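Open the model in your viewer and keep the selection tool ready. The tour goes from stop to stop, with a short note at each.

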Amino acid sequence: MKNIGILTSGGDSPGMNAAIRAAVRTSVYHDLDVFGIRRGYQGMIEGDIFRMQTTDVSNIIQRGGTILKTARSKEFMTDAGMQKAYEQLQKHNIEALVLIGGDGTFRGAAHFFEKYTIPAVGIPGTIDKDLVGTDFTIGFDTAVNTAVEAIDKIRDTAEAHDRLFVVEVMGRDAGYIALYSGIACGAEDILIPEQHTDINAVLDRIDFDERRKKTVHIIVVSEHDDFGGAKEVKDSITARFPLLDVRACLLGHIQRGGSPSQADRVLASRLGFAAVNALVTGITQVMAGVINDKVVFTPFVEIVKDGSYVNKDMLEMIRVLSS
Ligand code: F6P
């Protein structure tokens, strides 16, 4: 193996640049020629591929986003798209791939590798923390810290006005960002897709807090909770308690940006290093992750098959701590 390609795909996450840096520098250490593929699988289809040197990744470890840019490619889901992508890899003599992204990235990879043989190792880069095969995904820690900082600020103004706030955070189908940020901010309620939301129970808890004159009540809701997002929760509160002063706040894409935390930089560096070392030693079609502080490799097919689950202890804990 002489030439290696690197791409980032799906939603960007803080720490992707640190992973690119580690993968490029480890490749150079092994005397490999490195090619950056811009805009994920879409850039692969279009041949948006360029040679990378170690200096291309200087001063990026602290930067959010991804210098390789990213995309969600519908064309790559088609046979014709995959064929074009493979032809571009051949044209550039790319013999192995490092894929940095979330579940969509690995689903795409699994389909591609059913048809074409090319060694590849994945790195979990998503703020959602919704993958098996790793305790944490790159970007999750930073996204949660961003949400925590925002919710702390909301609590200040909520307290000043005796207002109730419903704060919606990202996570697609996973409630981890809501769970961790809600716990860290002492939220009065946390609503996540992994647990059915009984809206009447949520309203009863507000009623209880009102009676005991608790002035601040913050509900953190994950964007795809089964009941709905911040707007639906706010509307239900207003319908039952018309006199309450309620505001809904969507944190949105600020959760995806910003300088990565120490935890994300270290995780990304470890996984970028591990992914290239794995390819060099012949370990392929796996995602590198860290479980119990050890680097582990999980086959792409298992990553695609299993969703992550939320620890039941934490769900019980939030009920007790928020009362
Ligand atoms: O997967 C990362 C994520 O930020 C999810 O939390 C969110 O649901 C989604 O991407 C938003 O995607 P887009 O930026 O395409 O709107």
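Select K69 in the loop between β3 (49-52) and α3 (79-91). This is a predicted model. Check the backbone here: K69 has a positive phi of about 60°, although K69 is not a glycine. Is K69 buried or exposed? K69 counts as exposed, because its relative accessibility is 51% and the cut-off for exposed is over 50%.

**The ligand site**

Now select the ligand and the residues around it. Which residues are they? The list is R72, I127, D128, M170, G171, R172, E223, H253 and R256.

Take the contacts one by one. Start with G171: a polar backbone atom of G171 is 3.1 Å from an oxygen atom of the ligand. Go on to R256, where a polar side-chain atom lies 2.8 Å from a ligand oxygen. Then pick R172, with a polar side-chain atom 3.5 Å from an oxygen atom of the ligand. How much of the ligand does the protein bury? Taken alone, the ligand exposes 400 Å², and the protein buries 75% of that.

Stay on R172. It is found in the loop between β6 and α6 (176-184). Look at the backbone again: R172 has a positive phi of about 50° and is not a glycine. R172 counts as partly exposed, because its relative accessibility is 35%.

**A buried arginine**

Next, select R163. This arginine lies in the loop between α5 (140-161) and β6 (164-169). Is R163 buried or exposed? R163 is buried, because its relative accessible area is 16% and the cut-off for buried is under 20%. The side chains of R163 and D245 make a polar contact at 2.9 Å.

**The cysteines**

Select C185 and C249, and draw a distance between their sulfurs. How many disulfides does the model have? The count comes to zero. C185 is in no disulfide, and the nearest cysteine sulfur, that of C249, is 12 Å away. A disulfide is a covalent bond between the sulfur atoms of two cysteines. C185 counts as buried, because its relative accessibility is 8%.

Take I283 on its own. I283 lies in the loop between α9 (262-280) and β10 (286-291). It counts as partly exposed, because its relative accessibility is 34%.

Move to F297. Where is F297? F297 is found in strand β11, residues 294-299. F297 also counts as partly exposed, because its relative accessibility is 30%.

Finish with one distance. Select the C-alpha atoms of F297 and T284. These two residues are 13 residues apart along the chain, and their C-alpha atoms are separated by 9.0 Å.

Technical notes. Residues numbered from 1 in each chain as written. Predicted model: local features only at pLDDT ≥ 70, side-chain atom pairs only at ≥ 80, totals over all residues. Heavy atoms only, no water. Disulfide = S-S within 2.5 Å. Buried < 20%, exposed > 50% of the residue type's maximum accessible area, 1.4 Å probe, protein only. Helix = DSSP H or I, 4+ residues; strand = E, 2+ residues; numbered from the N terminus. Near = heavy atom within 4 Å. Polar contact = N/O pair within 3.5 Å; in protein donor to acceptor, adjacent residues only side chain to side chain. Areas by Shrake-Rupley, 256 points an atom, 1.4 Å probe, with all protein chains shown as cover.
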